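Have the structure open while you read.

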Amino acid sequence: MRLLLFAAASALFALPAAAQPPRGAPPPRPSDEIRSYAPAVDRATDAFLDIDLGPLLDAVDPYRRHGPRTLRDMARRDDPDFDRRLRASIYGNAAAMGRVADAVAAAEPALRQAADQIQRGMAAAIDSAHAGPPPPDDEYGPPPPRGDEYGPPPPPPPGDVDDDWDQDADDDPPPPEPEPN
């Protein structure tokens, strides 16, 4: 059994190497490559859903009668259309991921150019930081105001409830104290 699982896993990983296009042919679009994996994912999912859970269920609760014994049977019990929905989800998600991969591939030159520009800008900033002493403080202008230099806060809008109970002298009760644990 282990040999069979090992052979199946090896074949699954060898599929991309065997599916390479001939030399000189244009490279496949990313969406085509991603969609080509959907049947393998479908078969692997089928194999996973057909695992017999009976021994595990019997070990967990030996005195109870167990109904469906595979994950597929359990899923079909709640959703009779489970298999169709699962396949639609696998192939639909593969198509959506393919569209995203095509969009990223189309944007790749612009993304590379932006990354190169960022790299050049960062290198220039680092080089200028190591070039000499920083400019004197007066070249930067005055420091920003701090504390109460901004002035008092604006008044509340008309009709606003007075919720500053701790700053005025009216009869607002303080909030309740939290209960000790």
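Let's start with a charged pair: Asp81 and Arg84 form a salt bridge, with their closest N and O atoms 2.8 Å apart. Keep in mind that this is a predicted model. In total, the structure holds 13 salt bridges, and a handful of them are picked out below.

**Salt bridges, pair by pair**

- Back to that opening pair: Asp81 counts as partly exposed because its relative accessible area is 28%, and exposed means over 50%.
- With a relative accessible area of 48%, Arg85 is classed as partly exposed.
- Asp58 pairs up with Arg69 in another salt bridge, where 3.3 Å separates the closest N and O atoms.
- That bridge ties together distant parts of the chain, eleven residues apart: Asp58 belongs to helix H4 (residues 54-60), while Arg69 is in the loop between H4 and helix H5 (71-78).

**A salt-bridge network**

- Which residues are linked in a network of salt bridges? They are Asp42, Asp46, Asp50, Arg72, Arg76, Asp83 and Arg87.

**Thr70 in the loop**

- Thr70 is another residue in the loop between H4 and H5.
- Is Thr70 buried or exposed? It counts as buried, because its relative accessibility is 12% and the cut-off for buried is under 20%.
- The Thr70 side chain makes a polar contact of 3.0 Å with the side chain of Asp73.
- If you skip neighbours within four places in sequence, Thr70 is in contact with Leu49, Asp50, Ile51 and Asp52.
- One of those, Asp50, also turns up in the salt-bridge network.

- Val100, Val104 and Leu111 make a nonpolar surface patch of about 280 Å².
- You'll find Val100 in helix H6, which covers residues 82-131.
- Val100 counts as exposed, as its relative accessibility comes to 51%.

Definitions and conventions
Residues numbered from 1 in each chain as written. Predicted model: local features only at pLDDT ≥ 70, side-chain atom pairs only at ≥ 80, totals over all residues. Heavy atoms only, no water. Salt bridge = Lys/Arg side-chain N within 4 Å of Asp/Glu carboxyl O. Helix = DSSP H or I, 4+ residues; strand = E, 2+ residues; numbered from the N terminus. Buried < 20%, exposed > 50% of the residue type's maximum accessible area, 1.4 Å probe, protein only. Polar contact = N/O pair within 3.5 Å; in protein donor to acceptor, adjacent residues only side chain to side chain. Contact = heavy atoms within 4.5 Å. Patch = residues over 30% accessible without salt bridge, like charges linked within 9 Å, V, L, I, M, F, W, Y side chains within 5 Å. Areas by Shrake-Rupley, 256 points an atom, 1.4 Å probe, with all protein chains shown as cover.
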